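Thank you for coming, everyone.

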Amino acid sequence: MGNQETYTFVSKDGHSVIHCRKWLPDREPVAVLQLVHGMVEYIERYDEFATFLASKGYVVVGHDHIGHGQSVTKDEELGIMTGKHPADDMVEDIYTHYAKTKKEYPNLPYFILGHSMGSYMLRKFLSDKTAYLEELTGAVIMGTGQESAGTCNGGLAVIAVLSLLKGKNYRSTFVRDMTYSAPYKQYDCYGNDYANSWLSKNIQSVEKYYHDKYCTFTFSLNAYKGLVEATKYVGTKACVEKMRKTLPLLVVSGDEDPVGNMGKGTTAAADAFKAAGIKDVTLKLYRGDRHEILNELDREQVYEDIYQWLEAHK
């Protein structure tokens, strides 16, 4: 089923060594997909999906963000982001990996998929780096939402005050709990009831998540600042209007995903893309699915749908 490789590059933050993984097909590759993972997880969690696409001839690449997975050298560094604007560092790292891989496969169609926090970083990337993305073939925005500026500003104010009192590397359970807003209330968000997890209905996947040190740390205040700043920015008209209007977008989520406010925020994001004049926007909500649709019970259908969209656009 092909081979896997690992490699590294130095992060934009100036000190993190970014851990990367590549899944290679066992035949001549037909396209590239770059993965951008979510908050408090890591790239190896995408192995099943990446292996599926590699079996179809795709080169799949991805990396652990700063403060995540094997891009840290000590466990106590998990969730710590040191830059003034961590979202900018993450976006630059996405671009570094994109440029490196595009140079390696210059003639292949090139797609990027971002999930959850990765979806917000991808949306920022598609706006900030528009001038450098003429050869990008398409993007898959997964598990995303749309938050108001007021909500984000309130969160940033709390983070700012706590950072002055406790320091930017402080891990605040108050801020963590604050992010679990109203749509999350019907679910377990702490690993106490695997069957009712906000992550998915796949109990085996949920249990594995909550027993993984790379999935159970708490973000620092500065890391939360980066996430909220990105979430606020991608919800603005200015962000969307900078995106390339000819770039095909697939927006996918579970219709019971609290990150997307049970489909409402995901739909609002897709509508914003269309309103800005992006010509090819496809929205797909999976009935009964929660946040991690790549790990859901119907994930084989999700894999096939994404693959068919990629094939139709390459």
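Let me begin with a question: by which residues is the second largest cavity lined? Before I answer, please keep in mind that this is a predicted model, in which local features need pLDDT of at least 70 and side-chain atom pairs count only at pLDDT 80 or more, while totals for chains, interfaces and linings use all residues. Residues are numbered from 1 along each chain as its sequence is written, and side-chain values use heavy atoms, with hydrogens and water left out.

The answer is that Leu126, Thr130, Leu133, Leu136, Met243, Arg244 and Leu247 line the second largest cavity. On a 1 Å grid over the protein atoms alone, a cavity is a set of points where a 1.4 Å probe fits but cannot get out, whereas a pocket is an open set with protein on both sides within 12 Å along at least five of seven lines, and a lining residue has an atom within 4 Å of a point. Grid points are joined across faces, edges and corners, and a volume is the space filled by probe spheres set on the points; for this cavity the volume is about 50 Å³. Its lining divides into five nonpolar residues, one polar and one charged, where Ala, Val, Leu, Ile, Met, Phe, Trp, Tyr, Cys and Pro count as nonpolar, Asp, Glu, Lys and Arg as charged, and the others, Gly among them, as polar.

Among the residues that line the largest cavity are Glu41, Arg45, Glu48, His115 and Asn295, and its lining comprises five nonpolar, two polar and four charged residues.

The largest pocket has a volume of about 1,000 Å³, and of the 47 residues lining it, Met39, Thr179, Tyr180, Tyr184 and Leu227 lie nearest its centre. Two or more lining residues come from each of α3 (117-128), α4 (149-166), α5 (173-179), α6 (203-210) and α7 (221-234), these helices (H or I, at least four residues) being DSSP runs, as strands are (E, at least two), numbered from the N terminus. The largest share, five residues, comes from α4, and the lining as a whole divides into 25 nonpolar, 17 polar and five charged.

The second largest pocket, with a volume of about 340 Å³, is lined by 14 residues, of which Arg45, Glu48, Ser205, Lys208 and Asn295 lie nearest its centre. Here α1 (47-55) and α6 are the elements that give two or more residues, and α6 gives the most, with four. In this lining we find three nonpolar, four polar and seven charged residues.
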